[in-house]
Amino acid sequence: MIKTFTKGGVHPPENKLSANSPIRVLPLPKTVNIPLSQHLGAPAEPLVKKGDRVKTGELLARGCGFISACIHSSVTGKIAKIDKLMDHSGYRRMTVVIDTEEDEWQEGIDTSPNLVKNIALTGAEIIEKTKGSGIVGLGGATFPTHIKLSVPKGKKAEYLIINGVECEPCLTADHRLMLEKGEEMITGIRLIMRALEVEKAIIGIENNKPDAISHLRSLTGEYPGIKVQPLKVKYPQGAEKQLIKAIINREVPSGKLPVDVGAVVDNVGTAFAVYEAVQKNKPLIERVVTVTGKKLAGPSNFLVRIGTPVADLINAAGGLPEDTGKVVNGGPMMGKALNSLDVPVTKGTSGILLLSREESFRRPVLNCIRCAKCVSICPMGLEPYLLRAASEYKKWDIAENERVMDCMECGSCSYLCPSGIPLLDFIRLGKASVSKIIRARKQ
Amino acid sequence: MDKLIVAPSPHYYGDYTVQKLMYGVIYALIPALLVSVYFFGIGALIVAAVSIVSCLAFEYLIQKYLMKTEPTVTDGSALVTGLLLAFNLPTNLPWWIIVIGSLVAIGVGKMTFGGLGNNPFNPALVGRVFLFISFPVQMTSWPTPIASRMQYTDAVTGPTPLGIMKEGLSAEVTTSQLMEQIPGYMEMFMGHMRGSLGEMSALALLAGGIYMLSRRIITWHIPVSVLLSVLVFTGILWLINPYDNADPLFHLLSGGLVLGAFYMATDYVTSPMTPKGMWIFGVGIGVITVAIRVFGAYPEGVSFAILIMNAFVPLINKYVKPAGFGEEVKNG
């Protein structure tokens, strides 16, 4: 049976141009810029200094604080500098710059293509390995995975939900990974199941990827605990709460975590990274990135070392088209527009999308005609038109009462608004202001 | 290469625009307009043309010279108002009365509040009700279909089915006798009866309504709740006393009910934002319509019912909220 979430949702054009292009290994870049903050939470603390020579896979910085993640070198070479450089968010962040010399891997890392299916470690050891390998959620939120795998005392995970939805238009990295690294991914899922002590895992895949559904179905045959669940195509199904609703019909209440309804969600890319970390002892230093755009000569999926400049990816896919207006880090619905092509690929980079100038401009803003489309499509059951008005007139109490903090910024409202109103911009303003007020209240 | 454009997400935009939605409504109204031209001839053409042209002109002039803003007549909303106003007028109405109605609809009904999106009441209905109160004689003379195709203000006139029913029932005539004076239900369904320009043909209006539903210009909640509540309310009255009350089908097919349910009550600006709110709004319109038709002084009450419920929309929006994610479900 095909499932989906019930509240709201939109159908943006899919434009999955690179769906049939196999993952290619991108050549090593001349230099890599590895930011120390590629994850949700505190930046990692550097263990190296300028002039040090590091090997591929060597630890550069250790995660500090409760929510943080380790950072490893993605090439072999000399550290040119550790400085504040701009990353995809547009902010300057502490970054380790390494001049690439060669690709000599740290001892103990298994770089052979051999598949290791046999699981030798205990749950606690798996979590420790995940932590040491710097693994974060690769779907885009970059939440450190070891924290997700350590279920808080008194709570019990029942289901592991694996996110193979890839509901963002244009992106195909997860799709290709499911097709090409299915066995590894399933082993990764089994590792996570052991860490979480759950018996049931469900892989959710939208049915615009029938090849991935049938491929993973054939692979999961020998593991009765792992199921593949086809999903109706609808954005934002890849959002954690919507995916849980779609697959096990449970709603995570406002301010609660998925584990409160007995579910833990991990991306397919994360499952693959867990496999590599635990079975091959390989830290997270590379990931699959889709490079796409209607005007681009060769939309592709690349296996890219973390820290590679975005420009390298675009050149490998045929070069920047003449009339490029926007370069987006991520998909068209939630991705961030870049203001430079020198920024590096980080752990959270799932795609690089090029939009022509024509596609890049917003529509003129007209009066709200109260057509109620934003209300009917909001997957969180909010009233975007009202939140917009609250933000515009700085009525933060109204914004808070109208649950502005529940907004996950999926962009469906701005996408659909016939008056071209940037609803989400106003809601973001509301979220920022309300969260400031909430923080002040707690002190 | 020029500088990269940076803006917050989303970077895709959907197909809906205000203009497309408004023209969608226009397309949906065309079948009913054609039916009207078939039955009422040149009268229908003149009334529709005068109403549309004067609404567009007033919108343009007010925006340009009074509000001193960039005129937005091309967005299609004034065109919808003009056409809907025409749909609510008899086809023998003198042109100058229509111009006054357009001025009230656009000027008072829409522009005094700040233009599209800000008006609390449906502008076309504001215009229509103003004319109805100011020119009661002209506004309640109804040309006979087909017979007066080539006449405008000199058309042969007579009462509408609702008028016959009201008159007859207050004169203690039973419904079964009155039914012989009004057209058959099939004829009424096709639009072969007296009435306002665009309100007669339930068939054409339903076709347009289904078109709007399929293109997601409107949702089903308001039309269904209006029609269903009229059906239920008149059904109860009819079951209690079939001699003094017309049957529900008569109420559905007569007057401006279908036009109101699909095209007037569903006006975005003046209807609620949530499905639950739309139900309250729709049932309110249905109940008030029947109350006016059955217990009131006027034979028809759809316009008043919609305007009355328009006034409740801010209140409905304030108290009827969509269920938030994670609020209502029992997990498990």
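Biologist: What makes a residue count as buried, and what share of the 332 residues in chain B is buried?

Modeller: A residue is buried if 20 or more other C-beta atoms, placed from the backbone, lie within 10 Å of its own; with 12 or fewer it is exposed, and in between partly exposed. Buried residues make up 52% of the 332 in chain B. Please keep in mind that this is a predicted model, where local features need pLDDT of at least 70 and side-chain atom pairs count only at pLDDT 80 or more, while totals for chains, interfaces and linings use all residues. Residues are numbered from 1 along each chain as its sequence is written, and chains are lettered from A and ligands numbered from 1 in the order in which they are written.

Biologist: Which helices and strands does chain B have, and why is it called as compact as a globular protein of its length?

Modeller: Chain B has 15 helices and two strands, which are DSSP runs numbered from the N terminus (H or I, at least four residues, for helices; E, at least two, for strands). Its radius of gyration is 21 Å, close to the 20 Å from the globule rule for 332 residues, so chain B is as compact as a globular protein of that length. The radius is taken over C-alpha atoms, and the rule is 2.2 Å times the number of residues to the power 0.38.

Biologist: Why do β11 and β12 of chain A stand at the edges of their sheet?

Modeller: Two strands pair if DSSP finds at least two bridges between them. The four strands form an open, parallel sheet in the order β11-β10-β9-β12 (chain A). β11 (226–231) and β12 (263–267) each have a single partner strand, so one side of each is left without a neighbour in the sheet.

Biologist: What makes β9 and β12(A) a pair?

Modeller: Strand β9 (residues 159–163) of chain A and β12(A) share five bridges in the parallel sense, against the at least two required. Within β12(A), A:Asp266 is the bridge partner of A:Ile162.
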